[in-house]
Amino acid sequence: MSLAFASAAAPPSDFKSRIDKFLRVSAESMGIPGFAYAVVKDGKVICQGAHGLSNLTYKVRATPKTPFLLASITKQFTAAAIMRLAEQGKVKIDEPISTYLADAPESWHAITVRNLLNHTGGLKDRFEEKNTSLWRLNYSELAMYEAAKSTPVDFAPGTAWQYTDQGYFLLGRIIEEVSGQKYRAFLEESFFKPLGMTSTTTIAMKEIVPNLAEGYAMEGGKIIHNHRRTDYGLVSHFGVISTVGDLAKWVIAMNSGKALKPETVKEMWTPARLADGSEVTGTSGSYGLGWFLEWLNGHRVVQHGGATGTALYTLPDDHLAVIVLTNLEQLSGGNATSLAQSVAKFMVPDASWGSLRPLEDQGQHAEFTTELRHVLSAENANESLYDPTFYRLYRTALASQKAQLAQLGKPLSVDLLFVRPTGSVHTLGYRVKYKDLTLYATVRVGADGKIRYLGAENEELP
């Protein structure tokens, strides 16, 4: 099953029922217990719905009003809070974080607020606990901060990109230090209450949130609880709870200038650059300030997902946003971003890869085409062609995908569909045909001629 159809100026009149059916069947095939979704077009919610169970123990049905733990979608709220303080002249994002965190260790003194916002500070992702033999139900904010201060940095700020929860935890500390308010209170007064986001808050395990979706994971082919039971004193890196309706209000506010000034939003949605001037290239395209930035067949994408199985996916130039919130962990198959992207392609037909025709490759991209063919044939990658930082992340994913790729056999054809320059980065798009499947692959090449991203997707049912 697929939402794909012949290119047209607008989606068909029955788009609501087709989107609903696609998401329901897709979620069932992915083992997702329950989900909710909303589609926003031209500043209005044009369809929303929910299917399945938000709680398996008590057989509670999911609805569009069901709150879900957003996980890393939280980062855009934290980034927005920092930018609100910047608009007020209380934070300068190019100042060192030691300006706002007086007891910052010397290893942080060259790290700026901007470095934290765009994940270029050199900080590790995990930081809360070094002794893995301990099992804690509660980490105070002070204990988290002390753990962060004792965690070594991985590289000099501005020299590479590395996704880090630690950085967004520190941004939460800065918000509290500068505003004199707790993180939750600042978000409520700055955004949630003014925008009418009445079902949005931050998680605290001791509190009861009515109808909150229970989180699940997959183990040995069976659904289990996802073990997110630890209480954290500051949750600026993962802890916002919201509904599809409230997130629709958030997207509308971001695009209308009600949440932040338009020039602020533009800065947040501009690709970050490293100290050498090259554009940041992460695991999902580029990165701005709290948002992943990418392109979908010539359409600009601004999005972020969460490990709990959530996604907020927007095509701002097309005035479209798709919100999908599930209660199955992303690593267990709750790939909400894939679902949201499929709906976006349905709503904007020429964003689909299937509408592209092959280019005549004169040979200038031959080595990347050859490398893509090797990788998608389950052969070893040529490490010399890759940016070292990306390769460290990529080789782990590649190893886990080899068995699946081997089942597909050798590609019958690998066709170059487009070459798109964005600053110093060139993005190459390919159609890769196997006997029983067609994949669409993206290769991003930096100014140094090294691969900074390589990935493939299937436009059929995820």
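Me: What does buried mean here, and what makes Y287 count as buried?
Reply: Buried means under 20% relative accessible area, exposed over 50%, and partly exposed in between, with a 1.4 Å probe and protein chains only. Y287 has 0% relative accessibility, so Y287 counts as buried. The model is predicted: local features need pLDDT of at least 70, side-chain atom pairs count only at pLDDT 80 or more, and totals for chains, interfaces and linings use all residues. Residues are numbered from 1 along each chain as its sequence is written, and side-chain values use heavy atoms, without hydrogens and water.

Me: Why does F292 count as buried?
Reply: F292 has 7% relative accessibility, so F292 counts as buried.

Me: What makes F191 and W250 an edge-to-face pair?
Reply: Rings of Phe, Tyr and Trp (its six-membered ring) pair if their centres lie within 6.5 Å; planes under 30 degrees apart are stacked, over 60 edge-to-face, the rest tilted. The centres of F191 and W250 are 5.4 Å apart and the planes stand at 80 degrees, so the pair is edge-to-face. F191 lies in helix 6 and W250 in helix 7, 59 residues apart. Helices are DSSP runs of H or I with at least four residues, numbered from the N terminus.

Me: How do you know that F191 is buried?
Reply: The relative accessible area of F191 is 0%, so F191 is buried. W250, also at 0% relative accessibility, counts as buried.

Me: Which residues of helix 6 are buried, and why do they line one face?
Reply: Y183, F186, L187, S190, F191 and F192 are buried in helix 6 (residues 183-192). Seen down the helix 6 axis, they fall within an arc of 150 degrees, so they line one face. The arc is taken over directions from the helix axis to the C-beta atoms.

Key
Helix = DSSP H or I, 4+ residues; strand = E, 2+ residues; numbered from the N terminus.
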